[in-house]
Amino acid sequence: LRIEQELSRAISNGELELHYQPQIELRGGRVVGAEALVRWRHPTRGLVPPDKFVPVAEECGLMESLGRFVIEQASRQAAAWRELGLDMRVAVNVSALQFRNPRFAEQTLALVRGVGCDPALIELEITESVAMSDSLHAARELAPLRAAGVRIAIDDFGTGYSNLASLTALPFDVLKIDRAFVRDAIEKRNAQVVVAAVLGLAASLGVETVAEGVETDDQRALVASHGCTYGQGYLFSPPLPAPAFEAWRQKRL
Ligand code: G
Ligand code: G
Ligand code: MN
Ligand code: NA
């Protein structure tokens, strides 16, 4: 069977699942949310990572149904956690193709509300390059989402070629510093300069920040000392299936 056919079947058969990686408030250590990361539990190949099938989905017309699955599942989970009394946001990655949809905002809000989820529990991650490739479209789609309470995060920040003036005109709530800068910040002066500059920019814009790929306590301390709001990375936890995530969170309290 070709991978496209298998993937199409996998989406309808429920072989896709979301894993959740915690986001921690660096001042105080509170768990404020999680990034949802999709995996394919393949019957013979085991757990397939997203970089092996998200591009396939984009190429063969399956991205819309994959994206719909991810938004619905993440919203169901966020609503279920609220039921349990855990107030946690769930961040969802949005692909370039998904975002290009002229009815992206409307359809996303319908999916979120359709499963009984408060839009304020959802954060959408859009990469810097996707947000900036058509900033007029981006502004048009992001405004109604934010008006409904959805938070917008710019993912992989620092890796694109942003026109900073256009970027600052975009409505968003969070900048996620790409993990390459966090990785190198301790040893490489230029990476540390980028981290400090991005955190300074975010503070001036009044937006929050997430340092991605935090693996060591030195990295955590460095980004915290420059005012970073949240941390995410193996230092805290890898992405986990929902039950393991809940157990991890319980143990931390
Ligand atoms: O842990 P990780 O291998 O999950 O993720 C690898 C890449 O796949 C990341 O760049 C991440 O943004 C992307 N990714 C993970 N889950 C999703 C998803 O649900 N949708 C999209 N479009 N990309 C995802
Ligand atoms: O591109 P995006 O930021 O959406 O993707 C998140 C990716 O980063 C996932 O593949 C996730 O598994 C991975 N990841 C999460 N935490 C760490 C970490 O501490 N170190 C490294 N190297 N990768 C991480
Ligand atoms: Mn992401
Ligand atoms: Na990222």
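Guide: The model before you is predicted. The largest nonpolar core holds 64 residues, and those that touch the most other members are Ala36, Ala74, Val90, Val92, Ile122, Leu124 and Val195. Helix 3, residues 63-83, gives this core its largest share, namely seven residues. In soluble globular proteins, nonpolar side chains tend to be buried together.

Leaving aside residues up to four places away in sequence, Val92 touches Ala36, Val70, Ile71, Ala74, Ile122, Leu124 and Glu125. Among these contacts, Ala36, Ala74, Ile122 and Leu124 are also listed with the core residues that touch the most other members.

The strands may be considered next. Strand 2, residues 31-42, pairs with strand 4, residues 89-93, in the parallel sense over four bridges. Within this pairing, Gly33 stands opposite Arg89 of strand 4. Strand 2 also pairs in the antiparallel sense with strand 1, residues 16-25, over nine bridges. Here Gln21 stands opposite Glu35 of strand 2. Strand 1 and strand 2 form a hairpin with five residues between them, and Gly28 in its turn has a positive phi of about 105°. A further antiparallel pairing, over three bridges, joins strand 2 to strand 3, residues 46-48. The bridge partner of Arg41 in strand 3 is Leu47, and three residues lie between the two strands of this second hairpin. In a regular strand the side chains alternate between the two faces of the sheet.

Two ligands may now be related to this region. Around ligand 1 are Leu37, Val38, Pro49, Pro50, Asp51, Val54, Val70, Asn93, Ser95 and Pro239. By class, the shell of ligand 1 divides into seven nonpolar residues, two polar and one charged. Ligand 2 has 13 residues around it, of which Asn93, Gly213, Glu215, Gly233 and Tyr234 come nearest. The shell of ligand 2 comprises four nonpolar, four polar and five charged residues. Ser12 belongs to helix 1, residues 3-13. Ser12 is exposed, because 10 other C-beta atoms lie within 10 Å and the limit for an exposed residue is 12 or fewer. The C-alpha atoms of Ser12 and Phe69 are separated by 9.4 Å, although the two residues are 57 residues apart along the chain. Asp156, in strand 6, residues 151-157, has a positive phi of about 55° although it is not a glycine. Most residues other than glycine have a negative phi. Asp156 is partly exposed, with 18 other C-beta atoms within 10 Å.

Finally, the whole chain may be viewed together. Its secondary structure comes to twelve helices and ten strands. The radius of gyration is 18 Å, close to the 18 Å that the globule rule gives for 253 residues, so the chain is as compact as a globular protein of that length. Along the principal axes, the C-alpha trace spans about 50 × 45 × 35 Å. Buried residues make up 38% of the 253 residues. Of the contacts with a separation of 6 or more, 64% join residues 24 or more positions apart.

Methods
Residues numbered from 1 in each chain as written. Chains lettered and ligands numbered in written order. Predicted model: local features only at pLDDT ≥ 70, side-chain atom pairs only at ≥ 80, totals over all residues. Near = placed C-beta within 6 Å. Nonpolar A, V, L, I, M, F, W, Y, C, P; charged D, E, K, R; others polar. Core = buried A, V, L, I, M, F, W, Y, C linked by C-beta atoms within 7 Å. Buried ≥ 20, exposed ≤ 12 C-beta atoms within 10 Å, placed from the backbone. Contact = placed C-beta atoms within 7 Å. Rg over C-alpha atoms; globule rule 2.2 N^0.38 Å. Pairing = 2+ DSSP bridges.
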